[in-house]
Amino acid sequence: PVAAVVPAALRGNIEKERAKFLRPDAPPVEVLSHTALARGQRPQANNILVDEQQRLRSETSKQTRVLLGLAADPRKRVVMLSGTPVVNGPGDFAPIY
C-alpha cells in the first residue's frame with residue numbers, strides 16, 4: 001500500500017488520476033492532506049509519497065515535524081517531491097535533510 005500526502009485541493013484529483021492510469025486491481029492509495037497530518041491523522045501505509053515538499057520549509061511547523069518523524073521510522077519509506085523552484089536558496093530544503 002501507498003500513501004500520498006498532497007495539498008487538500010489536490011486530493012480529489014489524485015483519485016481521478018489513479019482511476020485513469022492504474023489498473024483496477026492496483027493496491028489502494030491512501031490520500032491525505034498536509035493539513036490532515038498536522039491535525040493528527042497518520043498514514044497507515046509504509047510507502048509515503050509527499051507532494052509539494054516545499055511546504056515543509058519551516059522546521060517548527062507541525063506538518064514538517066510529523067513528516068520528519070515518519071521519515072525517521074525505519075519501517076517507512078518517504079519520498080518527497082517538489083516542482084517548485086527554490087525560493088531563497090538551498091537552505092529552504094534544510095529542514096527535510
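# A tour of the charged pairs, core and surface patch

Select Asp25 and Arg23: both are exposed, a term for residues with over 50% relative accessible area, where buried means under 20% and partly exposed lies in between (1.4 Å probe, protein chains only). The model on screen is predicted, so local features need pLDDT of at least 70 and side-chain atom pairs count only at pLDDT 80 or more, while totals for chains, interfaces and linings use all residues. Residues are numbered from 1 along each chain as its sequence is written, and side-chain values use heavy atoms, with hydrogens and water left out.

**Charged pairs**

Keep Asp25 and Arg23 selected. They form a salt bridge, and their closest N and O atoms are 2.9 Å apart. A salt bridge here is a side-chain nitrogen of Lys or Arg within 4 Å of a carboxyl oxygen of Asp or Glu. Side chains of opposite charge can pair when their charged atoms come close. The structure holds three salt bridges.

Next, select Lys20 and Glu17. This salt bridge has its closest N and O atoms 3.5 Å apart. Both residues lie in helix α1 (residues 11-21), three residues apart, about one turn of the helix. Helices (H or I, at least four residues) and strands (E, at least two) are DSSP runs, numbered from the N terminus. Lys20 counts as exposed because its relative accessible area is 56%; Glu17, at 29% relative accessibility, is partly exposed.

Then go to Asp73 and Arg75, a salt bridge with the closest N and O atoms 2.8 Å apart. Asp73 is buried, with a relative accessible area of 15%, whereas Arg75 is exposed, at 63%.

**The core**

Now select Ala3, Val5, Leu32, Leu37, Ala45, Ile48, Val50, Leu56, Val66, Leu67 and Leu70. These eleven residues make up the largest nonpolar core. Such a core is a set of buried Ala, Val, Leu, Ile, Met, Phe, Trp, Tyr and Cys residues joined through side-chain atoms within 4.5 Å. Colour β1 (2-6), β3 (47-50) and α3 (62-72): each supplies at least two residues of this core. The largest share, three residues, comes from α3.

**The surface patch**

Finally, select Val2, Leu49, Val79 and Leu81, which make a nonpolar surface patch of about 280 Å². Patches are made of residues with over 30% relative accessible area and no salt bridge; like charges are joined within 9 Å, nonpolar side chains (Val, Leu, Ile, Met, Phe, Trp, Tyr) within 5 Å. Accessible areas come from the Shrake-Rupley method with a 1.4 Å probe, and for residues only the protein chains shown count as cover. Val79 sits in strand β4 (residues 77-80) and, at 45% relative accessibility, counts as partly exposed.
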